[in-house]
Each structure stands twice: as structure tokens, then as C-alpha cells.
Amino acid sequence: MRNKLIETRKTGRRTRTSHAQVVDELGKAIVAGTYPVGSILPGDTELAQRFKVSRTVLRETMKTLAAKGMVVAKARVGTRVTEKNLWNMFDSEIIAWHFDNDVTEEFLLQLYDIRLAVEPFAAGLVAERANAEEIETLRGLAEEMAASGHTADSLALADLHFHLALAEASHNPFMRTLGSLIEAALVGMFRISTPPSENGFANIAETHMRIVDAIASGDSAAARRAMEVVILDGRDHVREAFATSDSPAAMEPLSPEISPK
């Protein structure tokens with residue numbers, strides 16, 4: 001269940017290759033608007049001096065950003081930043097760069113739109129396909145959310161593990177690829193919210209156990225409804241956080257183990 005957004009800062013970007021570091025810096029700058037849509041990125045000579053890398057590294061960097069839909073190269077023009085509707089928003093790095101730029105309410109709510117479109121159906125699939133071992137795994141992860149002494153960090157991790165396990169239990173590889181979207185939505189919710197004891201997260205184990213009970217009984221419709229309740233509850237927390245703070249995304253972030261990388 002290892003996912004890119006949940007890697008610790010202990011390994012950090014400094015341990016990356018030159019190619020990965022340049023991709024990361026340029027990607028963040030594009031998302032932040034330093035290089036706005038329609039603008040031309042600096043030429044190879046300027047970028048090579050700035051990042052202290054070879055032209056070969058820069059060529060590979062531009063290929064990577066182009067594969068994400070963020071730039072397009074044109075002869076005698078340069079490398080242009082594309083319209084955002086061409087970006088691959090399922091890409092975990094693009095999601096992470098949005099968090100690096102102080103995630104907005106609109107971005108988080110869009111993540112919840114996708115979750116509502118996909119995860120309830122996934123829960124229904126699990127009710128039809130999960131074996132006994134997978135159901136017990138989900139039950140154990142739901143019970144873990146009820147453990148005493150949870151911090152926002154540990155509860156976010158427990159919640160994430162449950163949803164990723166459910167995606168695995170759907171036995172549909174396309175569901176598994178949505179892990180980074182699920183993670184980003186959960187990280188965002190816990191990042192901008194107050195500790196569990198203060199904001200109603202205390203019932204999180206109960207709402208997730210309802211999903212498990214529906215799955216265990218083989219009731220696909222009930223599993224879908226229970227998942228919808230969980231996602232809508234998370235979306236409500238996001239809205240409340242932004243409604244009660246001038247800049248909730250700038251609140252104290254979660255620890256390195258859960259913060260977006």
C-alpha cells in the first residue's frame with residue numbers, strides 16, 4: 001500500500017536523481033503559476049546553469065513533463081506550458097505539487113467529486129468479490145480507527161490504509177490506480193482540520209465499520225450507501241474548515257509521515 005504522497009521527508013527530494021529534482025522544481029513552478037499557462041519555459045542554457053545539470057537531463061525532464069500533459073515543445077518556439085485541462089490530474093506528482101502550492105478548497109472538493117464517482121461503486125464490488133481474509137483485513141483496519149490516543153496523523157494513516165485495502169479488495173486494477181487521489185483527499189482533509197476529538201472524527205470507526213458490515217453481508221447497495229456517507233462526511237469537514245478559517249491550507253501541516261511529499 002505504499003504511495004508516493006505518504007513517503008517521509010527523511011528520504012526527501014535531495015536523494016533523488018538530477019532528473020527527478022529538475023522535474024519536481026519545474027513541475028511545482030508550473031502549478032504555482034511561476035510559469036503560467038501559455039508561457040514559454042526558459043531555454044536549455046538558462047535551465048542548465050540554474051540546476052547545474054546537463055542538456056541530456058533537461059531533455060529527459062521535458063519529456064517527463066510532456067508525458068504528464070503539462071508542456072509541449074515546438075520547433076523555433078520553445079517549450080510552452082499547456083492548458084490545465086490537458087494535465088494528467090491522476091498523476092500523483094501533479095497532485096503533490098498542488099499541495100506544495102497550498103491546496104485550495106476547490107481542488108480538494110474536486111478530489112471528493114472523483115471519490116464519490118468511484119469509491120461507492122468500488123465498495124459494491126468488494127461486497128460481491130471479497131474473500132473472508134480480505135473482509136477480516138478491512139474489519140481490523142476499521143477497528144484500528146477506534147483505538148484510543150489517535151492523533152490527526154495516525155488517524156489519517158489508519159483511514160488511508162482502509163480505503164487502499166478496499167480498492168485492492170475490489171479485484172479491479174483500475175480501482176487500485178486511484179490510490180493517489182484517495183490519499184490526497186484524505187491528507188487534505190486531515191491537514192486542514194482540527195484534532196479528532198474536536199471536530200467529529202470520533203465516529204470515523206463506526207462509519208467505516210458500517211461499510212465492512214455491508215460487505216460481509218454481501219449487500220452491494222448498502223456498501224455503496226455506507227461509502228457515500230463516509231465520503232460526504234469528509235467533504236463536509238473540508239467545507240467547514242475553509243468556512244471557519246481565512247487560510248485553512250496554511251494551517252500547521254501533519255507530520256512528515258503523512259504530509260504530501
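1. The residues lining the second largest cavity divide into 8 nonpolar, 2 charged and no polar ones. Here Ala, Val, Leu, Ile, Met, Phe, Trp, Tyr, Cys and Pro count as nonpolar, Asp, Glu, Lys and Arg as charged, and the others, Gly among them, as polar. The lining consists of Ile114, Arg115, Val118, Glu119, Ala122, Ala167, Met175, Leu178, Leu181 and Ile182. Two elements, helix 5 (105-129) and helix 9 (179-192), each give two or more residues to this lining. The largest share, 5 residues, comes from helix 5.

2. This is a predicted model, in which local features need pLDDT of at least 70 and side-chain atom pairs count only at pLDDT 80 or more, while totals for chains, interfaces and linings use all residues. Residues are numbered from 1 along each chain as its sequence is written, and side-chain values use heavy atoms, with hydrogens and water left out.

3. The second largest cavity holds about 70 Å³ of space. A search of the whole structure finds 2 cavities of 30 Å³ or more. A cavity is a set of points, on a 1 Å grid over the protein atoms alone, where a 1.4 Å probe fits but cannot get out; lining residues have an atom within 4 Å of a point. Grid points are joined across faces, edges and corners, and a volume is the space filled by probe spheres set on the points.

4. As to the overall fold, the chain has 12 helices and 2 strands. Read from the N terminus, its elements follow the order α-α-α-β-β-α-α-α-α-α-α-α-α-α. Helices (H or I, at least four residues) and strands (E, at least two) are DSSP runs, numbered from the N terminus.

5. The chain has 261 residues, of which 50% count as buried. Buried means under 20% relative accessible area, exposed over 50%, and partly exposed in between (1.4 Å probe, protein chains only). Among contacts (heavy atoms within 4.5 Å) between residues at least 6 apart in sequence, 75% join residues at least 24 apart.

6. Strand 1 (residues 71-74) pairs with strand 2 (residues 78-81) in the antiparallel sense, over 4 bridges; two strands pair if DSSP finds at least two bridges between them. Lysine 74 stands opposite glycine 78 in strand 2. The hairpin has 3 residues between its strands, and arginine 76 in this hairpin takes a positive phi near 65°.

7. Leaving aside residues up to four places away in sequence, threonine 79 touches Ser39, Ile40, Leu41, Met62, Val71, Val72 and Ala73.

8. Valine 31 lies in helix 1 (residues 18-32) and counts as buried, because its relative accessibility is 8%. Not counting residues up to four places away in sequence, valine 31 touches Met70, Trp87, Trp97, His98 and Asn101. For valine 31 and histidine 98, 67 residues apart in sequence, the C-alpha to C-alpha distance is 6.4 Å.

9. Threonine 137 is found in helix 6 (residues 132-144). Threonine 137 counts as partly exposed because its relative accessibility is 38%.

How values were computed:
On a 1 Å grid over the protein atoms alone, a cavity is a set of points where a 1.4 Å probe fits but cannot get out, and a pocket is an open set with protein on both sides within 12 Å along at least five of seven lines; lining residues have an atom within 4 Å of a point.
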